[in-house]
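Let us walk through this structure step by step. Keep the sequence and the model side by side as you read.

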Amino acid sequence: MARRETGSIRIGPLSLFVLVVGLCMAVFAVLSFTTARASAYEAENQRAYTTGTYANEVAAQELVASVDQELAQAKRSGKTAAAALDDVRKVLPDVAKVEGSQVSVAFSSDQVRRLTVSLCINDDLTYTITKWKTSVDWPQEEGGQDFWPGEE
């Protein structure tokens, strides 16, 4: 019997190697896609947060500018501090709280982010910013658990 001379190619180890490389590439593709979606989600959250924060800042700056304008106009016309405070009340939003010469307004962009601004109207018809505080009101879930109740 004559033996045929043929080259023997070992296909087994090479096929296994290609299969493992293909499987790794598929896993990396899924991980890359998942990471890209998570990054897009976080970027959208950051955009919404920044937009809300700047909307609050703009509203607060406009309020301070209008109060400043009213006080300057009252000073030019020689009004008293009480009369100037009455003029300032006209430019305040409905949610403003006035206690004596203290004016407080809370700006909320999306019911979560809040900017609280407090102004003190001085007797010389100037104002002092006593509070400019941003905060976040986290919604409380029913039946939630307090992990740390804080100092009592």
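R89 counts as partly exposed because its relative accessibility is 42%. R89 forms a salt bridge with D86, and the closest N and O atoms are 3.9 Å apart. A salt bridge here is a side-chain nitrogen of Lys or Arg within 4 Å of a carboxyl oxygen of Asp or Glu. D86 is partly exposed too, with a relative accessible area of 44%. Both R89 and D86 lie in helix α2 (residues 81–91), 3 residues apart, about one turn of the helix.

This is a predicted model, in which local features need pLDDT of at least 70, side-chain atom pairs count only at pLDDT 80 or more, and totals for chains, interfaces and linings use all residues. Residues are numbered from 1 along each chain as its sequence is written, and side-chain values use heavy atoms, with hydrogens and water left out.

Stay with the charged pairs. Side chains of opposite charge can pair when their charged atoms come close. How many salt bridges does a search of the whole structure find? The search finds 4. One of them joins D87 to K79, with the closest N and O atoms 2.5 Å apart. D87 is buried because its relative accessible area is 10%. K79, at 36%, is partly exposed. K79, D87 and K90 are linked in a network of salt bridges.

Another pair sits in the other helix. E44 and R47 meet through their side chains in a salt bridge of 2.5 Å, N to O. Both lie in helix α1, 3 residues apart, about one turn of the helix. E44 has a relative accessible area of 40% and is partly exposed. R47 is also partly exposed, at 45%.

Now step back to the fold. The protein chain has 2 helices and 4 strands. Helices (H or I, at least four residues) and strands (E, at least two) are DSSP runs, numbered from the N terminus. Along the sequence, the pattern reads α-α-β-β-β-β.

The 4 strands form an open sheet in the order β1-β2-β3-β4, with antiparallel pairing. Two strands count as paired if DSSP finds at least two bridges between them. β1 (97–99) and β4 (127–136) are the edge strands, and each pairs on one side only. From one strand to the next, the twist averages 15°. Helix α1 packs on this sheet and touches β2, β3 and β4. The direction of α1 makes about 15° with that of β3. Axes are lines fitted to C-alpha atoms, for helices over the stretch in contact, and angles run from 0 to 180 degrees between N-to-C directions.

Strand β2 (residues 102–108) runs antiparallel to β3, and 7 bridges join them. Here S104 stands opposite S118 in β3. On the β4 side, the antiparallel pairing covers 9 bridges. There, K131 in β4 is the bridge partner of S118. β3 and β4 form a hairpin with 5 residues between them. L125, in the turn, has a positive phi of about 60°.

Is T116 buried or exposed? T116 counts as buried because its relative accessibility is 17%. Leaving aside neighbours within four places in sequence, T116 is in contact with V105, A106, K131, W132 and K133. Contact means heavy atoms within 4.5 Å. C120 lies in β3 (residues 113–121). Beyond four places in sequence, C120 touches S101, Q102, T126, Y127, T128 and T130. C120 and Q102 are 18 residues apart in sequence, yet their C-alpha atoms are 4.5 Å apart.

Finish on the surface. M25 lies in helix α1 (residues 11–76). M25 counts as exposed because its relative accessibility is 56%. L14, F17, V18, V21 and M25 form a nonpolar surface patch with about 510 Å² of accessible area together. Patches take residues with over 30% relative accessible area and no salt bridge, joining like charges within 9 Å and nonpolar side chains (Val, Leu, Ile, Met, Phe, Trp, Tyr) within 5 Å. Accessible areas come from the Shrake-Rupley method with a 1.4 Å probe; for residues, only the protein chains shown count as cover. The protein chain exposes about 12100 Å², and carbon and sulfur atoms supply 57% of that area. Buried residues make up 18% of its 152 residues.

Definitions and conventions
Buried means under 20% relative accessible area, exposed over 50%, partly exposed in between (1.4 Å probe, protein chains only).
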